[in-house]
Amino acid sequence: MARRERESDTTPRNADSRTTGFGRVRRQSRRTLQPASQATPVTTYSIAACDLEAGQWGVGTQSKFLAVGSVVPWAEPEVGAIATQAYANPRYGPEGLSLLREGLSAEEVVERLTSADEGRDHRQLGIVDREGRSASFTGAECLEWAGGRTGPCYAAQGNILVSAETVDAIAETFESSSGPLVERLMACLDAAQAAGGDRRGQQSAALLVVEQDGGYAKLSDTVVELRVEDHERPLEELRRLYRLHESLFGETPREEWLTVDGALANELRERLAKLGYDGDLEDAFNRWAGNVNLEERVDGIEEIDPVVLEELRELS
């Protein structure tokens with residue numbers, strides 16, 4: 001289980017109490033003045049995580065910031081996942097992945113990146129490496145509440161939050177959940193929002209999950225990459241997009257596919273004809289499936305994915 005360091009009344013006002021590694025936490029600075037030389041902070045909560053058994057790494061994030069997915073999440077299969085935020089340094093993403101690729105641990109990468117960055121006191125960073133080791137960093141000048149929690153296979157962090165309960169909710173939800181990584185990440189984001197979330201409100205959200213050859217047509221490493229750029233309830237919209245993604249690109253276990261017997265074949269011909277797809281059944285079926293972006297759920301005409309059949313019935 002992870003631990004979260006609790007602030008002491010004797011903590012120096014501008015003390016840098018960052019640490020790294022499993023079960024430790026970066027505490028926030030009490031300073032709340034915005035440096036005039038800095039750009040608008042990515043006021044964010046996020047989780048970088050992995051599922052070693054599934055071979056997946058990913059990041060989930062929500063922010064009162066336009067298009068948070070363009071800045072915070074970075075991941076590479078068999079390498080690691082990175083979340084960079086606060087007065088974010090986007091170079092932490094590609095540079096961090098490069099260091100992870102060389103075999104450095106999450107803790108070593110955090111130290112390497114932040115020690116070379118003069119703006120580190122305004123940065124926040126979470127990393128999970130190829131072995132599931134995690135580290136999180138919160139600079140001494142990040143706007144409160146800011147801090148993080150780490151544990152096996154996850155690093156959770158946030159800044160300008162209502163309270164520490166937001167990060168606690170992320171950590172506790174990840175530790176107690178199971179199932180596909182993308183669904184665990186969404187559950188963490190929902191729990192964080194329910195616990196208070198970003199003090200300034202909501203605006204954007206993003207999910208990124210990668211797996212070697214786990215994406216489109218097994219020719220991509222991106223399992224899921226969804227972004228809500230500007231929305232009053234971005235997490236609700238993110239779930240809507242994920243349901244749409246699953247309907248198009250998800251996989252129904254083959255044993256649940258339906259055999260296309262004579263009666264079903266006749267139904268398919270009739271429904272396809274109503275939609276303007278005549279001729280050979282398999283050809284018509286494939287043309288229709290391609291036009292509605294369901295080609296990844298089609299494999300010949302002897303069997304049919306029930307999700308595809310339901311969509312055809314609804315459209316015809």
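This is a predicted model: local features need pLDDT of at least 70, side-chain atom pairs count only at pLDDT 80 or more; totals for chains, interfaces and linings use all residues.

I started with the lining of the largest cavity, whose residues split into six nonpolar, two polar and one charged. (Ala, Val, Leu, Ile, Met, Phe, Trp, Tyr, Cys and Pro count as nonpolar, Asp, Glu, Lys and Arg as charged, and the others, Gly among them, as polar.) The lining residues are Pro41, Ala86, Tyr87, His122, Glu141, Cys142, Leu143, Asn159 and Ile160. A cavity here is a set of points on a 1 Å grid over the protein atoms alone where a 1.4 Å probe fits but cannot get out, and lining residues have an atom within 4 Å of a point. The largest cavity holds about 40 Å³ of space. My count came to one cavity of 30 Å³ or more. For the volume, grid points are joined across faces, edges and corners, and the space filled by probe spheres set on the points is taken.

Residues are numbered from 1 along each chain as its sequence is written, and side-chain values use heavy atoms, with hydrogens and water left out.

Next I checked Ile160 from that lining. Its phi is near 50°, a positive value in a residue other than glycine. Isoleucine 160 sits in the loop between β8 (154-158) and α3 (165-176). (Helices are DSSP runs of H or I with at least four residues, strands runs of E with at least two, numbered from the N terminus.) Is isoleucine 160 buried or exposed? It counts as buried, at 4% relative accessibility. (Buried means under 20% relative accessible area, exposed over 50%, partly exposed in between, with a 1.4 Å probe and protein chains only.)

Aspartate 213 also has a positive phi, about 60°, and is not a glycine. I found aspartate 213 partly exposed, at 40% relative accessible area.

Then strand β2. Eight of its eight residues (56-63) are buried, so the strand is largely enclosed by the rest of the structure. Gln56, Gly58, Gly60 and Gln62 point one way, and Trp57, Val59, Thr61 and Ser63 the other.

What does β2 pair with? Strand β1 (residues 44-51) joins β2 through eight bridges, antiparallel; β9 pairs with β2 over eight bridges, also antiparallel. (Strands pair if DSSP finds at least two bridges between them.) Valine 59 stands opposite leucine 208 in β9.

Conventions
On a 1 Å grid over the protein atoms alone, a cavity is a set of points where a 1.4 Å probe fits but cannot get out, and a pocket is an open set with protein on both sides within 12 Å along at least five of seven lines; lining residues have an atom within 4 Å of a point.
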